[in-house]
Amino acid sequence: MVGFCSFSLLALNICLLLGSSFADDPYANFEFVVSYITASPLGVPQQVIAVNKKFPGPTINITTNNNVVVNVRNKLDENLLIHWSGIQQRRSSWQDGLLGTNCPIPPKWNWTYQFQVKDQVGSFYYFPSLNFQKASGGFGSIIVNNRAIIPIPFDTPYGDITIVIGDWYIQNHTALRKTLNAGKDLGMPDGVLINGKGPYRYNDTLVPAGIDYETLSVEPGKTYRLRVSNVGISTSLNFRIQNHNLLLAESEGSYTVQQNYTSLDIHVGQSYSFLVTMDQNASSDYYIVASARFVNETIWQRVTGVGILHYSNSKGKASGPLPPGPQDQFDKTYSMNQARSIRWNVTASGARPNPQGSFRYGSINVTDVYVLKNKPPVTIDGKRRTTLSGISFVNPATPIRLADEYKEKGTYKLDFPTKPITGPPRMETSVINGTYRGFMEVILQNNDTKVQTYHMSGYAFFVVGMDYGEWTENSRGTYNKWDGIARSTAQVYPGAWTAILISMDNVGVWNLRTENLDSWYLGQETYVRVVNPEPNNKTEFPMPDNALFCGALSKMQKYAPSSTIATGYILCEQHAEVVGRLHTDDLCAVFSVCLRSSSLAPRLLLSGGGSLAFGFENCYYEISLCDSSNC
């Protein structure tokens, strides 16, 4: 089993009980303190969720096959989980940060995630997955770089810039949650943020004075990689930079056929990389725009994010009207055709040296077919709910993966229908039974009036087709079986369908959901359970030592946090040797310490003087002791 370290011990690499499967790859350690701060992104003070007092949170910058260790300290007043959207968590759905696999981190507790970005590259993001918290922040970018031995399919950019965009409400997540619980719509957002900041004042009527806006400073003639993620609640956004082309290069871990766009629709939950060359004359700064799509633009005009691209030799401020977005009010095919144009670069190497296209997905026989249909919200047992195929998902008190581990019966039903049910909608914990090493075809049918974006954890699926109308078996004749993009998030237009293919090679329990936060909150999701009939550590890692317990298994949770704050050193009592440094609000820390003799008791030497012995009785995590021969 993998050992877990936390706090500043991470930086000192004192975690000695590491799983052998991770041992050859470097570690990247991060400390996340999740708390509330006051910010005014739209000019009005409000409570937002920050990571390390930053809004948005810090970027996680890592490399293929890195072992990532993130110690999360929950300083909110409610439970917390962090989800790593697009990170596949190979063989370890235990680390996915969703209620189907993890018990939540209670307030004032910490929990350490450890996962490997195995065979992945690209642009992703993280966010809090519980209680509508994403609507208040807590999100940030993830960069997974290629290893040095694997070339990227373009010249190395001069700079790498992360941009998170998204719709935003002045009300915080608890107020928005109450609105949904009362059976109401959220209504139009108050604005769109770019990197957590409001719009540049391009129009004195639409934008009030005093709002802080985002400025990207660049050098003329240089090419930058811009990684853009829509981390919003439910609004599709069109992204564009005045007078600059966006050369699309990558999407959620797949290198794309490179082609220029003047603007691109980025739907909720999606991430893209663009190469942007600073080839203008810098007569003034340039607008960066993220504007709402598929809405009445006259009414939604104020719901526009505006930032500034500033050349170092710029001769003045940006002024005048914003660059227009797509003029397709009466052409519903424009955005879909743009989406279809995004194709897989089959000759480029991804995370491995072999070309991406060496996996010939179009020649693999499908073993399972699921048609998942969503509709506008319905009322079930007096509650406003959303559904997938007529089922509104209810998260179990005991996570699915934990229930399986302890053979806890009755937690869920492995009976999700392959086609939409014909009877009245119902609320259930109904899960898809995935076939290990099977090849699943999923048709996402959107019979709602707004764009839905769907995400699947644990996998990159192939987007092979989309069209308006109802999907039929004849629709397969339109599938792209050669260079459909592989990604983890796909949009489904209203009154349309999108087809995806999934190679079910990742054992675990994986979330399949809409990324539209309001619809997700109300039940538009399910899980796919993938089990190796011959379980072994090669296809799934064991349950982590620091797994939390809840629901029917809550009595197994022995760990009780302390409010004591201490800074000091861990010493071998007789030898007085400093072997690690501790800074924590919890003396029952998650770490492994190597002492010279198992007979010695570790002690904490406080920086203010005095010492405190560690007792094991009330600690869920014991300090592992070993002698010098096996350290």
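Which residues line the largest cavity? I started there: L81, W94, T101, N102, C103, I105, W111, Y113, L402, P544, A547 and L548 line the largest cavity.

**Ground rules.** I am working with a predicted model, where local features need pLDDT of at least 70, side-chain atom pairs count only at pLDDT 80 or more, and totals for chains, interfaces and linings use all residues. Residues are numbered from 1 along each chain as its sequence is written, and side-chain values use heavy atoms, with hydrogens and water left out.

**Cavities.** I searched the whole structure and found seven cavities of 30 Å³ or more. A cavity here is a set of points, on a 1 Å grid over the protein atoms alone, where a 1.4 Å probe fits but cannot get out; lining residues have an atom within 4 Å of a point. The largest cavity holds about 90 Å³ of space, a volume being the space filled by probe spheres set on the points, which are joined across faces, edges and corners. I sorted its lining by class and got ten nonpolar, two polar and no charged residues. For that sorting, Ala, Val, Leu, Ile, Met, Phe, Trp, Tyr, Cys and Pro count as nonpolar, Asp, Glu, Lys and Arg as charged, and the others, Gly among them, as polar.

Next I looked up an open sheet of five strands, with the order 11-19-18-13-16 and mixed pairing. Strands are DSSP runs of E, at least two residues long, numbered from the N terminus, and two of them pair if DSSP finds at least two bridges between them. Y287 has I308 of strand 19 as its bridge partner.

I then followed the chain to G221, in the loop between strand 11 and strand 12 (223-230). Is G221 buried or exposed? G221 is exposed, with a relative accessible area of 56%; the cut-offs are under 20% for buried and over 50% for exposed, with partly exposed in between (1.4 Å probe, protein chains only). G221 and Q280 are 59 residues apart in sequence, yet 8.1 Å apart in space, C-alpha to C-alpha.

**Two buried residues.** E78 sits in the loop between strand 4 (67-74) and strand 5 (82-85) and is buried at 12% relative accessible area. I found a polar contact of 3.0 Å between the side chains of E78 and Q133; such a contact is a pair of N or O atoms within 3.5 Å, and within protein one must be able to donate a hydrogen and the other to accept it, while residues adjacent in sequence count only if both atoms are side-chain atoms. A50, in strand 2 (residues 46-51), is buried too, at 0%.

Six of the seven residues of strand 20 (residues 368-374) are buried. Strand 20 pairs with strand 26 (residues 439-446) in the parallel sense over seven bridges, and Y370 stands opposite V442. Strand 27 (residues 452-456) and strand 30 pair in the antiparallel sense over four bridges, with T453 opposite Q491.

Notes: 1 Å grid on protein atoms, 1.4 Å probe; cavity = no way out; pocket = protein on both sides within 12 Å on 5 of 7 lines; lining within 4 Å.
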